Amino acid sequence: MSGESPARTLAREAMLLLITLAAGVALVAAIVFLPVLFGRGGPPSAERLGAYLQTIVGYVGGLAQGNLGSNARGRPVNNEMLQAARRTLELLTASTLVALPLGVAWGGLLATVRRGVWGGLLFSLSTLLISLPSFVAVLLLSEAVATITLRTGVRLAFVQGYGLDGHLILPTAVLATRGAAFIARSLQVSQEQIMAQDWIRAARAKGLGGLGLWRRHVLPALRLPLLGAALGAVRVIVAGTIIVDYLYNWGGLGRRLLQVTSGGVEAHLCA
Amino acid sequence: MHRTMSLLRRPELLIGGALVALMAICAVAAPLLAPFDPIKPVVLFDGADIVRAPYPPGTAGMLLGSDSLRRDLLSRLIYGTRYTLLFCGVAAMLRVALAAGLGMLAGWYAGASRLLDVLAGAWSAVPSLFFALIPLALISRLGNNQLNALAFVVVFSLTGWPETAVRVRVAVRELRAAPFVESAYAIGLGRAAVLWRHIRPNLRDLLLVEAAYAVAAVLLLCAELGFLGIFIGGAEREAVGGQISNDPIFAEWGGMLAKGVRERGASAVLFIAPMAAFSLSILAFNLLAEGLRRRQ
């Protein structure tokens, strides 16, 4: 391994990435086209299995040529899928942009205020946010906003619909707080592991402590875990998007996905 | 004494452990704790007329009231602990076993590590809810309860394993350089034997933490699917307002949540009770996992 040229290593990694991407697309297609295998209620048959595999191959082939599939009437769904994808991407971007700084600040606080009332409160809050199912958070937040609007007449945010204005506040808040809680917990775990290292003890023995120790020794070691936490938070946010999109009627890919399950075979498409 | 002090220093372990123990007691002693039969309707009369269901909380000794089929909600919640924990617990154990197997192989053999990279990369790109939703919705329509329950366990165990597998791989790689591994080779043990006899037992603490996190994750998925009307087994067709929908026969939180969402207009408790049960149990397992992790 050590004697390998950088170009060869890069080529190998790029090949692995391509294979991973292809496997991911094949897996998504295999899930989305399951209705072809099951038909309308009956158990899978050998004939349906053939049609299922053919559909997957055809779809993946079409995807490579920029064809996203067709709807029940046989019309291409490129435009509607692209519009839904754009809306989902907007929501994901907004949520990630809020979650990152919030999560880093929260994680820093969690690690510094480890004991006492504040430490307990911050820890409890992050655990609670990670534990609450997305729909519970959505319903609680929507209920709170609706109650405030009814009692005071002040509209803080919209509780339904798509728009890059007040409509964005609630879905972003739900997704971003979950993402931030995930980042905070991941950073806390990483920081606890770093603080237990020998070189931190050595630095302490030499008289370094407090913010100086954190800035010079802990922070540089946290860069890689921070990247991992950020990527993990994006995954948490993406996972929550399906239900949030559906409940807020955002009109993104999440709602389309749920239409596939209620609509049956037709909507092949959401891949 | 030392153990008690150690527990008191870890409130998350204490609270999480107590809540999980409480759920385990509910699951085991459900017939003793539940005030009513969870399946049998309790028909109440107001003179000659039958009282309309769902009954409000506090009616005829029903602390949380009843559902629209006149079954005591609290009893269904208590029995629900049994079925929900059983299904989710088994699925979580299978998930951890799968992840541990793959992670151990990947940490031990370089070729398997590349394969895990590809598999984990592709698998973790698919959100768990997306992965579970379509197959389970389709299998639910077949109307075979046993197949449905089996499908839930299999699908739940196939989601979320990549993160655990990657963590196990890291742990195995760290253990690979340990002196006891070299000693094992020195006495003539083969690679597979070292992995099984010496590496595997040292992963026990990590796998315990992962198992607790896995139960929380499976419960979360079960709750989200229940909210979307997909739940474990025991479904029959029921006409509500002209619509055909699934209705849970036996008490399971996902089914109760699905029914509660549909009938929340009649009584908010129908929706809030299973939602709270899910949230509390997920919180309990997350706290337990965090406590176990910090104890290591």
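Helices here are DSSP runs of H or I at least four residues long, numbered from the N terminus. This is a predicted model, where local features need pLDDT of at least 70 and side-chain atom pairs count only at 80 or more, while totals for chains, interfaces and linings use all residues. Residues are numbered from 1 along each chain as its sequence is written, chains are lettered from A in the order written, and side-chain values use heavy atoms, leaving out hydrogens and water.

**View 1. Chain B meets chain A.** Here 39 residues of chain B are in contact (heavy atoms within 4.5 Å) with 46 residues of chain A. Together the two chains bury about 3,600 Å², with 77% of that on carbon and sulfur atoms; buried area is the accessible area (1.4 Å probe) lost when two parts are put together, summed over both.

**View 2. A salt bridge between the chains.** B:Arg293 and A:Glu192 pair up through their side chains at 3.2 Å, N to O. A salt bridge puts a side-chain nitrogen of Lys or Arg within 4 Å of a carboxyl oxygen of Asp or Glu, and the rule finds four across this interface. On chain B, helices H5 (110–124), H6 (128–141), H11 (204–227) and H13 (269–295) each supply at least two residues to the side touching chain A.

**View 3. The largest cavity.** A cavity is a set of points on a 1 Å grid over the protein atoms alone where a 1.4 Å probe fits but cannot get out, and its lining residues have an atom within 4 Å of a point. Helix H12 of chain B gives the most to this lining, with three residues. Among the lining residues are B:Asp67, B:Arg71 and B:Met256.

Conventions. 1 Å grid on protein atoms, 1.4 Å probe; cavity = no way out; pocket = protein on both sides within 12 Å on 5 of 7 lines; lining within 4 Å.
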